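Hi,

Here is the structure I promised to pass on. Have a look at it first, and then read my notes below.

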Amino acid sequence: MSAALNRLKFAWLEITGLCNEFCDHCYADSSPKGTHGTMTVEDWLHVIDQLADIGALDVQFIGGEPTLYPHLPELIEHAHGAGLGIEVFSNLTHVREPLWETFKACGVKLATSYYSDTAEQHDEVTRLRGSHKRTRANITKALDLGIPLRGGVVTVRPDQRAREGLQDLLNLGVEQVGGDRTRAFGRASEGAAPTVTDLCGHCAHEKCAIGPDGGVWPCVLGRFLTLGNVLQAPLAEIWGGEQMARVTADIAVVHGPGAQSCTPPQFLPMCGPCGPCVPSVGHCDPREADAVAEATTIGTPA
């Protein structure tokens, strides 16, 4: 599909592979041993300018843990100045006071993952002692500051108090809460090679992801499918280019037109055709979405 028929509206900017948590299900395989990659601050600023020039509307800063990237405030301010909407997907364990000021000044929205209403279970998933306490406290702080925040509860263990965790977020005042299952990417794949079949089929539709080494992917989960690299070519050439046409054709062969499988709503509400599923739902097929929408949707996607 040409760039004219498939306008790039949104980009995930994976500014670091460093994370202070070490979740077994991390699709990006981030960890305390991760790095910020080869993209410099100037490279990221240039990418943001290119996105604005293309006509993109929104960016989401992700990682790793984006708050560990020392130049995040500069990137946020630049994106804000370029007229882009901004969301930061963070585990909310490492937000320094100046960053809160940047969030407020630039109209940043936040998103976070949450695993249980109990600290013991949440910390077992993140492998970071005290993470539940800090995340929960910063959820409250964000809401007190009037910063929009949405939460996602990923079910990763059979005995996990996922539904209780979801209710805990609602009780804290988080109005938009979604649920998801573990996706077989990154560490969650347990060594298995990712395939196009594992994707939702909605990849590269109005969105792309850009990684710490400049790679452009059709989505955050489709990082094994490279559309190009912003260190080697302008984003305007990559989007709608020959390599992207090949990748989207390969996806269409497997999935047909449009999304055919459940998409992970905690990444971005516009990612797929369904509303967020509650954690107790074992599967969600968009072709059956109308029949289960009332039972599986909590909150209203942005």
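Before anything else, a word on "contact": I use it for heavy atoms within 4.5 Å of each other. Helices (H or I, at least four residues) and strands (E, at least two) are DSSP runs, numbered from the N terminus.

Two housekeeping points. This is a predicted model, in which local features need pLDDT of at least 70 and side-chain atom pairs count only at pLDDT 80 or more, while totals for chains, interfaces and linings use all residues. Residues are numbered from 1 along each chain as its sequence is written, and side-chain values use heavy atoms, with hydrogens and water left out.

Now the overall picture. The chain has 9 helices and 9 strands. Of its 302 residues, 54% count as buried, where buried means under 20% relative accessible area, exposed over 50%, and partly exposed in between (1.4 Å probe, protein chains only). Take the contacts between residues at least 6 apart in sequence: 70% of them join residues at least 24 apart.

Let's start with a helix pair. Helix H5 (residues 131-144) and helix H6 (residues 162-172) have axes that come within 10 Å and cross at roughly 35°. Those axes are lines fitted to C-alpha atoms, for helices over the stretch in contact, and the angles run from 0 to 180 degrees between N-to-C directions. Where do the two helices meet? On the H5 side you'll find Arg-136, Ile-139, Thr-140 and Leu-143, and on the H6 side Asp-168, Leu-169 and Leu-172. These residues divide into 4 nonpolar, 1 polar and 2 charged.

Is Val-174 buried or exposed? Its relative accessible area is 2%, so it counts as buried. Leaving aside neighbours within four places in sequence, Val-174 is in contact with Ile-139, Leu-143, Leu-149, Arg-150, Gly-151 and Leu-169. Ile-139 and Leu-143 are among the H5 residues that meet H6, and Leu-169 is one of their H6 counterparts.

Arg-150 deserves a look of its own. Arg-150 and Val-174 are 24 residues apart in sequence, yet 6.2 Å apart in space, C-alpha to C-alpha. Arg-150 sits in strand E5 (residues 149-155) and, at 8% relative accessibility, counts as buried. What does its side chain make a polar contact with? The partner is the side chain of Glu-87, at 2.8 Å. By polar contact I mean a pair of N or O atoms within 3.5 Å; within protein, one must be able to donate a hydrogen and the other to accept it, and residues adjacent in sequence count only if both atoms are side-chain atoms.

Gln-121 is another one to click on. You'll find Gln-121 in helix H4 (residues 119-126), and its 15% relative accessibility makes it buried. A polar atom of its side chain lies 3.0 Å from the backbone oxygen of Asp-159, and the side chain also reaches the backbone nitrogen of Arg-161 at 2.7 Å. Not counting residues up to four places away in sequence, Gln-121 touches Ser-116, Asp-159, Gln-160 and Arg-161.

Next, strand E7 (residues 207-210). Lys-207 and Ala-209 point one way and Cys-208 and Ile-210 the other, and all are buried. E7 pairs with strand E1 (residues 10-14) in the parallel sense over 4 bridges, with Ala-209 as the bridge partner of Trp-12. E7 also pairs with strand E8 (residues 215-217), in the antiparallel sense over 2 bridges, and there Ile-210 stands opposite Val-216. Two strands pair, by the way, if DSSP finds at least two bridges between them. The E7-E8 hairpin has 4 residues between the strands, and in it Gly-214 takes a positive phi near 90°.

Lastly, some backbone details. The peptide bond from Gly-63 to Gly-64 is cis, with omega near 20°; Gly-64 is in the loop between strand E2 (58-62) and helix H2 (72-81). Asp-29 has a positive phi of about 55° although it is not a glycine, and at 47% relative accessibility it counts as partly exposed. Glu-190, in the loop between E6 and E7, also has a positive phi of about 55° without being a glycine, and it is exposed at 77%.

Cheers

Methods: Ala, Val, Leu, Ile, Met, Phe, Trp, Tyr, Cys and Pro count as nonpolar, Asp, Glu, Lys and Arg as charged, and the others, Gly among them, as polar.
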